[in-house]
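Welcome! Please take a moment to look over the sequence and the 3D view before reading on.

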Amino acid sequence: QVQLVESGGGLAHTGGSLRLSCAVSGIIYSINAMGWYRQAPGNQRELVAITTSGGSTNYANSVKGRFTVSRDNAKKSVYLEMNSLKPEDTAVYYCNADVKQYGWQPIRPYWGQGTQVTVSS
């Protein structure tokens, strides 16, 4: 199986910073896109930032210029550096990775358990 383990959530003040980490483990042939989504109470899960295996990135408009996504392919990990945090960034953040476990299998999305980020005003 494939497991994604997140860390780094917590409480920050407005204008503060937090860094999320996510490590992928298990039987892995290749990892394509990796990224972060978030879900606030009463809202649907939304994309925050993703990075492809080639290194390109894509961000939600609401976090551009404040958040930075990066990955370490050797460590099978993805990170989210969050700066200039706002109360509206409060949500559960989920790590996502598109993984192929064996060469002949299709790519499948896997999710972490989620980590709470709370930004106080």
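## About the model

Please keep in mind as you read that this is a predicted model.

## The disulfide

Let us begin with the cysteines. Searching the whole structure turns up one disulfide. The partners are C22 and C95, and their sulfur atoms sit 2.1 Å apart. Because C22 belongs to strand β3 and C95 to strand β9, this bond ties together parts that are 73 residues apart in sequence. The torsion about the S-S bond is about -80°, so the disulfide is left-handed.

Are the two cysteines buried or exposed? C22 has a relative accessible area of 1%, and it is buried because the cut-off for that word is under 20%. C95 is buried as well, with a relative accessibility of 0%.

Strand β3 covers residues 18–26, and S21 is found in it. With a relative accessibility of 18%, S21 counts as buried, because the limit is under 20%.

Which residues does S21 touch, leaving aside those up to four places away in sequence? The contacts of S21 are V5, E6, S7, W36, V78 and Y79.

Now for the charged side chains. The count of salt bridges comes to four. One of them pairs R19 with E81, with 3.4 Å between the closest N and O atoms. R19 lies in strand β3 and E81 in strand β8 (residues 77–82), so this pair ties together parts that are 62 residues apart in sequence.

How does accessibility look for this pair? R19 has a relative accessible area of 42%, which makes R19 partly exposed. E81 is partly exposed too, with a relative accessible area of 28%.

R38 is in strand β4 (residues 30–39), while D89 is in the loop between β8 and β9, so that the pair links distant parts of the chain, 51 residues apart. Both R38 and D89 are buried.

D89 also forms a salt bridge with R66, where the closest N and O atoms are 2.8 Å apart. R66 lies in the loop between β6 (57–59) and β7 (67–72), and D89 in the loop between β8 and β9, so this pair ties together parts that are 23 residues apart in sequence. D89 counts as buried at 0% relative accessibility, and R66 counts as buried at 10%. Through salt bridges that share partners, R38, E46, R66 and D89 are joined into one network.

Which residues make the nonpolar surface patch of about 360 Å²? I27, Y102 and W104 do.

The relative accessibility of W104 is 70%, so W104 counts as exposed, the cut-off being over 50%.

Definitions and conventions: Residues are numbered from 1 along each chain as its sequence is written. This is a predicted model: local features need pLDDT of at least 70, side-chain atom pairs count only at pLDDT 80 or more; totals for chains, interfaces and linings use all residues. Side-chain values use heavy atoms; hydrogens and water are left out. Patches are made of residues with over 30% relative accessible area and no salt bridge: like charges are joined within 9 Å, nonpolar side chains (Val, Leu, Ile, Met, Phe, Trp, Tyr) within 5 Å. Accessible areas come from the Shrake-Rupley method with a 1.4 Å probe; for residues, only the protein chains shown count as cover. Buried means under 20% relative accessible area, exposed over 50%, partly exposed in between (1.4 Å probe, protein chains only). Helices (H or I, at least four residues) and strands (E, at least two) are DSSP runs, numbered from the N terminus. Contact means heavy atoms within 4.5 Å. A disulfide is a pair of cysteine sulfur atoms within 2.5 Å.
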